[in-house]
Structures are given as C-alpha cells and as structure tokens.
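Below is a short walk through one protein model, starting with a single element and ending with the whole chain.

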Amino acid sequence: MSPTAASSPTAASIDGPVVVITGGGTGIGAATARRYASDGARVVVIGRRRGPLEALAAEIGALAVVADASVRAEAEAAIQRVVTEHGRIDVVVANAGGHGLATVGDTDDAAWELSFRTNVTTAFVLARAALPQLIASHGQVVIVSSLAGLFAGPSVAGYTVGKHALIGLTRSLARDYGRDGVRVNAVCPGWVRTPMADAEMEEFARHAGLDGIDEGYGMVTADVPLGRPAQPEEIASVIRFLGSAESSYITGATIVVDGGAHIVDVPTIPLARAGL
C-alpha cells in the first residue's frame with residue numbers, strides 16, 4: 001500500500017498546530033481528531049481504511065492519508081505529504097493498535113509479529129519519520145498505550161507485551177530528545193467504549209450469557225471506582241492536554257485514564273462485595 005491523500009482539508013488556512021493522528025478513523029483516534037479540530041488545529045488522520053478516514057475528514061475538515069504506519073516507506077511518504085500540505089508538524093498522536101488476543105501458547109509466529117507490528121512498530125516508525133519536524137517545532141508525541149501496558153489480562157499476551165513496549169518507547173524518546181525540545185508522554189486508558197472494545201464485549205456477553213454489551217461493560221467495570229467505561233472523548237481530552245503547551249513541563253510520563261481501576265487492591269474485592 002502506498003500512502004495517498006484520501007481528501008484535502010477544508011480548513012488549511014487555519015494557523016493552528018499541525019496534529020498527526022494514526023488510527024484516526026474511529027474510536028479514540030477519531031475523538032482526538034475532533035477535539036483538536038474544534039480547537040483550531042490542522043488535523044491529519046492516518047490509517048489503512050479509506051472509508052472511515054474520508055468520512056471523518058469530510059466531517060471536521062482534516063487531511064486524510066491512507067497508509068500503513070508500520071511500513072517505513074509509507075510512514076515517511078505520509079510525513080512528507082503532511083509537510084508539503086502544512087509546512088510543519090507539531091504533534092504526533094500514535095494511536096494505532098490492536099491484535100494479540102491469545103495466550104503465549106496459542107500465539108503462533110505470524111500472530112506475534114502482527115501484534116507487535118500493529119501496536120509497537122506503527123508508533124516507532126512514524127515517530128522516527130516525524131522526528132526532524134518535531135525537533136524543528138519543539139513538538140510533542142503522545143503514545144496511546146493501555147492499562148494492559150501496566151498489567152496483564154487473561155489471554156492477551158501479544159497485546160499486553162506490545163502495550164508494555166510502548167511505555168518503554170515513550171521513555172526512550174523522552175530521554176533522548178528532551179534536550180531538543182521534544183516532549184513525549186503515554187496515555188493508558190482502561191475500558192473505553194470504542195468499536196474495538198464493543199466487539200470484545202459482544203463476544204464476552206455471548207460467552208457469559210449476558211443481555212448485551214451494556215451488561216458486559218457493567219460487569220467488567222463493577223469494581224472500578226467510577227463504575228463505568230470511558231467515552232472516547234474523555235481519553236481525547238487527556239491526549240489534547242499532553243499534546244499542547246498546557247503540559248509544558250511533563251515528559252516521559254505515563255498517564256493512567258481508567259476510572260481508578262489501577263488503584264484497586266484485587267485481593268480485597270471479595271471483601272468489598274461482602275460489605276466489609
């Protein structure tokens with residue numbers, strides 16, 4: 001696949017920051033694109049599926065570039081397309097991810113390679129391609145990891161390893177390029193109501209005999225302090241903060257956005273359920 005412009009921005013005259021978002025067609029990526037666009041940014045969404053990118057670009061006046069960010073030639077061509085169109089890059093949001101839903105024993109070589117490429121290589125390759133522009137603009141990178149980047153869920157080995165690796169990538173970039181004025185931070189969402197999560201919840205609800213995905217989300221967040229999944233817009237707000245001057249002294253950080261799930265002492269859950 002070679003990168004192509006799926007549409008041209010209708011707001012190119014806006015003198016706002018230039019924000020590049022991978023996995024930008026749906027879910028957290030689309031919500032982030034909408035948030036930046038509403039604040040006057042010049043948004044570029046990159047992804048492999050033309051349909052969602054074109055629809056979002058038409059909605060918010062973004063530039064949509066069809067490309068596989070894990071492929072060096074396509075990532076570099078996409079970055080050059082952005083520079084040609086907008087002259088600079090100020091923020092990169094590495095949001096693309098997915099795959100790796102099996103135990104180690106059930107993960108073959110092809111599935112392992114796919115999970116690592118989808119979750120880690122996309123962020124690495126695109127960040128590397130954008131670094132000269134980010135150094136020139138003293139820009140920001142926001143890497144979307146996951147609560148799975150800090151903990152391990154059942155039967156998600158490839159996804160868990162990939163999301164952990166994104167934390168390391170965040171810290172390496174922050175350490176090496178801070179003196180160049182580039183800030184890099186990671187966001188770790190918990191359950192978020194996205195199309196990908198909905199698909200997982202449909203399968204869970206079917207296997208558990210639940211009455212639809214709402215009941216499924218209710219079960220997986222029952223012991224989360226806020227007691228609900230996030231909406232994509234809530235994650236987008238945190239990404240927007242990290243990818244702006246408002247977070248000017250934050251770099252190398254891992255910001256957990258999970259409704260408090262990570263503070264729960266798992267062995268005490270039965271005690272709480274018993275009212276103790």
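Helices (H or I, at least four residues) and strands (E, at least two) are DSSP runs, numbered from the N terminus. The expected span of a helix is 1.5 Å times one less than its number of residues. The model is predicted: local features need pLDDT of at least 70 and side-chain atom pairs count only at pLDDT 80 or more, while totals for chains, interfaces and linings use all residues. Residues are numbered from 1 along each chain as its sequence is written, and side-chain values use heavy atoms, with hydrogens and water left out.

Helix 3 covers residues 72–86, 15 residues in total. From first to last C-alpha, helix 3 reaches 21 Å, close to the expected 21 Å. Its buried residues (under 20% relative accessible area, 1.4 Å probe, protein chains only) are Glu74, Ala75, Ala78, Ile79, Val82, Val83 and His86. These buried residues pack against strand 2 (18–22), strand 3 (42–47), strand 4 (63–66) and helix 4 (109–137); contact means heavy atoms within 4.5 Å. Just after helix 3, Gly87 has a positive phi of about 85 degrees.

The protein as a whole has nine helices and eight strands. Buried residues account for 49% of its 276 residues. Of the contacts between residues at least 6 apart in sequence, 71% join residues at least 24 apart.

The C-alpha trace spans about 60 × 40 × 35 Å along its principal axes. The radius of gyration, taken over C-alpha atoms, is compared with a globule rule of 2.2 Å times the number of residues to the power 0.38. For 276 residues a compact globule would have a value near 19 Å, and the protein's 19 Å agrees.

Conventions. Buried < 20%, exposed > 50% of the residue type's maximum accessible area, 1.4 Å probe, protein only.
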